[in-house]
Amino acid sequence: MFNISPALATRIAGSHGVVTSDELVADGVALSAIRRAVAARLLIRIHNGVYRLATSPDSFHARCAATSLADPTSFVTGVSAARLWEFRSVFQTDVPVVVVAHDRNPFARGVTVRRCGDVAADDFTTRPDSIRLATPARAWFDCARDLHEEKFEAMTEWVIDHHCPVETLWRMGKRLARSGRTGSALVSRVMSTRAEWQRPADSGLELRVLRALERCGVGPLVRQHPICLPTGIWIHPDGVDLVVRWAVEIDHVTWHGGRIKAQQDKGRDRALRKLEWQVDRVTDRELADDFAGAIRELVELHALRAASYVFS
């Protein structure tokens, strides 16, 4: 094909086999040699002036690296960035979703383009493999246009738990959400249900249970409401109905488990009863075996509590 320097070869290898014509020319490769390599299918043209070595696979990461090399102002975002950050509750995509300025059109094919003039310096970062992608907070906001509410809320919990504090997402939403921008209403709805002090839910299962209970008329339920036990220890049940002092806990026997953990839970439940709270528990195994049946039983227990609760 042609000879390239060890330094450029190392850089190409670290960028999923993607290289630009400017890099090749700067390395001493003639434009005519590049054209011959393209004609011989030794170089695969991806975008204008951006190529992939034929010996490198046409992977999702290579396509993302190619977008970053095609336009130094663009960055991968939304569900594509979510895949790179390994967010949960997001569908897998093989097509890069890329933010570019309104006046730019650097891509040839195989890219979902999102034009946006509102980009801050801390909206993106560059990985060692040359992929420029949205920060977790920006990727989170841009996912709102592609996810339905339940998935977006579960993903929000994951992002808070693993990447960003609540206040970071609040600031991102406040800056970007505006009338007419797709996803803004969903961001506002999901964030408005969360108080600043709320911790993320431990998993998407908690959200499924609480939402199912609310659809059956239980609640409104408050997630992880802080309760101080007589011992001075603060606990945060998965969901509580403050009106009738009823709490529901989802136990993950498949990974919490253990005799000591069970003893601690029973001790907490006894302490809650001293405060005139009723707590009902359901396990992830019960929910996996018969989700609808477990929800019906919790609804019945809540109804019994509501019927017998004496308001003081």
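The model is predicted. The protein chain has 312 residues, of which 47% count as buried. Its secondary structure comprises 13 helices and 14 strands.

**Overall form**

- The radius of gyration of the protein chain is 26 Å, whereas a compact globule of 312 residues would have a value near 20 Å.
- Where contacts in the protein chain link residues at least 6 apart in sequence, 61% of them join residues at least 24 apart.

**Surface and charge**

- The protein chain has an accessible surface of about 15800 Å², and carbon and sulfur atoms account for 53% of that surface.
- There are 42 positive and 38 negative side chains in the protein chain.
- The centres of the positive and negative sets lie 5 Å apart.

**Alanine 137**

- Alanine 137 belongs to helix H6, which covers residues 136–143.
- With a relative accessible area of 4%, alanine 137 is classed as buried, because the cut-off for that class is under 20%.
- Leaving aside residues up to four places away in sequence, alanine 137 touches Cys164, Thr168, Leu169 and Met172.
- Methionine 172 stands 35 residues from alanine 137 along the chain, and the C-alpha atoms of these two residues are separated by 6.6 Å.

Technical notes: Residues are numbered from 1 along each chain as its sequence is written. This is a predicted model: local features need pLDDT of at least 70, side-chain atom pairs count only at pLDDT 80 or more; totals for chains, interfaces and linings use all residues. Side-chain values use heavy atoms; hydrogens and water are left out. Helices (H or I, at least four residues) and strands (E, at least two) are DSSP runs, numbered from the N terminus. The radius of gyration is taken over C-alpha atoms; the globule rule is 2.2 Å times the number of residues to the power 0.38. Buried means under 20% relative accessible area, exposed over 50%, partly exposed in between (1.4 Å probe, protein chains only). Contact means heavy atoms within 4.5 Å. Accessible areas come from the Shrake-Rupley method with a 1.4 Å probe; for residues, only the protein chains shown count as cover. Lys and Arg count as positive and Asp and Glu as negative; His and the chain ends are not counted. The place of a charge is taken as NZ of Lys, CZ of Arg, CG of Asp or CD of Glu.
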